[in-house]
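Please consider the following notes on the model shown below.

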Amino acid sequence: TAAILDGRLLAEKVVARATGDIAALGRAPGLATVLVGDDPASALYVRNKRRQCVAVGIRDLHRRFDADVTQDELAEAIRALGDDPGVTGILLQLPLPPHLDADALLALIPPDKDVDGLTETSAGRLALGRPGLRPCTPLGVLELLDAHGATLSGAEAVVVGRSSLVGKPMAQLLLGRDATVTVCHSRTRDLAAVCRRADVLVVAAGIRGLVAADAVKPGATVIDVGIHRTPGGLRGDVDFPAVSAVAGAITPVPGGVGPMTIAMLLANTVTAARTL
Ligand code: NAD
């Protein structure tokens, strides 16, 4: 059966590395998390990010706005954070209330403070293969693959999902490591047949149990990005019990990609502080 890629353990190592890097930096990075309104899921995510930041020595420069904040007010606040030398990272928690234009607000984040890696400039840098801040979830996947010692150069990599948050940057990161990358999405014909080609299979479709054992080449490395709350606990996009009998290595849900995402936010915050 498959080796389990333990994201909790690796996240602890990434966090320890970030803590050491911050001490060596000689001054505390400052992360401004920007939360608008009171969506409970967003509030929970931001709370977790803030808690972990403080634990590693990042200054918590949180800003919260009421759901009826205007575009201009929020734009002004983000510009001010961009100009503030004490703020080394800015994270605009999405989604925003529908009256706000998220793209226009993201565009106000200076690229070197874009610790989520989601601005147009960061996406452009990634697409062009230039240095820059990368989106946290796909960066965490790469870290998991590297820690496992997966060979990426020349490998067949299949990414299921093409979102700007996960699938697309994942494919670009794998391309940057010289994998032969195929991207699947909701219109892909015969998903299982394409997935079976993969030495490295990254699944980020948001559909519980989408990838079954017949979609996995024996010995493949399978990374499950999906998160679904079920009465039995968190589940992923991969049928874990069946696929772990076929795969060579697999991430569990929970305890795989999830913990890596916040760890990479801390790592990005350190990178940004170092660059600025
Ligand atoms: P999204 O809804 O933006 O994108 C889903 C993608 O999957 C789309 O590109 C779509 O074309 C593709 N897709 C949908 N149905 C498909 C099908 N039947 N076959 C093949 N492709 C299909 O979602 P997202 O933001 O990319 O997130 C994907 C999943 O990852 C969600 O479950 C989300 O909760 C989870 N997620 C986890 C983390 C983490 O830290 N672990 C972070 C971000 C997202």
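1. Strand β2 and strand β5 (residues 89–92) pair in the parallel sense over 4 bridges; strands pair if DSSP finds at least two bridges between them. The model is predicted: local features need pLDDT of at least 70, side-chain atom pairs count only at pLDDT 80 or more, and totals for chains, interfaces and linings use all residues. Residues are numbered from 1 along each chain as its sequence is written.

2. Strand β2 also runs parallel to strand β4 (residues 63–65), joined by 3 bridges, and Val-36 stands opposite Phe-65 there. Strands (E, at least two residues) and helices (H or I, at least four) are DSSP runs, numbered from the N terminus.

3. Of the 7 residues of β2 (residues 30–36), 7 are buried, so the strand is largely enclosed by the rest of the structure. Buried means 20 or more other C-beta atoms within 10 Å of a residue's own, exposed 12 or fewer, and partly exposed in between, with C-beta atoms placed from the backbone. Gly-30, Ala-32, Val-34 and Val-36 point one way, Leu-31, Thr-33 and Leu-35 the other. In a regular strand the side chains alternate between the two faces of the sheet.

4. In helix α5 (residues 120–127), Ser-122, Ala-123 and Leu-126 are buried. These residues lie on the same side of α5 because they cover an arc of only 100 degrees around the axis, taken from the directions from the helix axis to the C-beta atoms. On the other side, Glu-120 and Gly-124 are exposed.

5. Just after α5, Gly-129 takes a positive phi of about 70 degrees.
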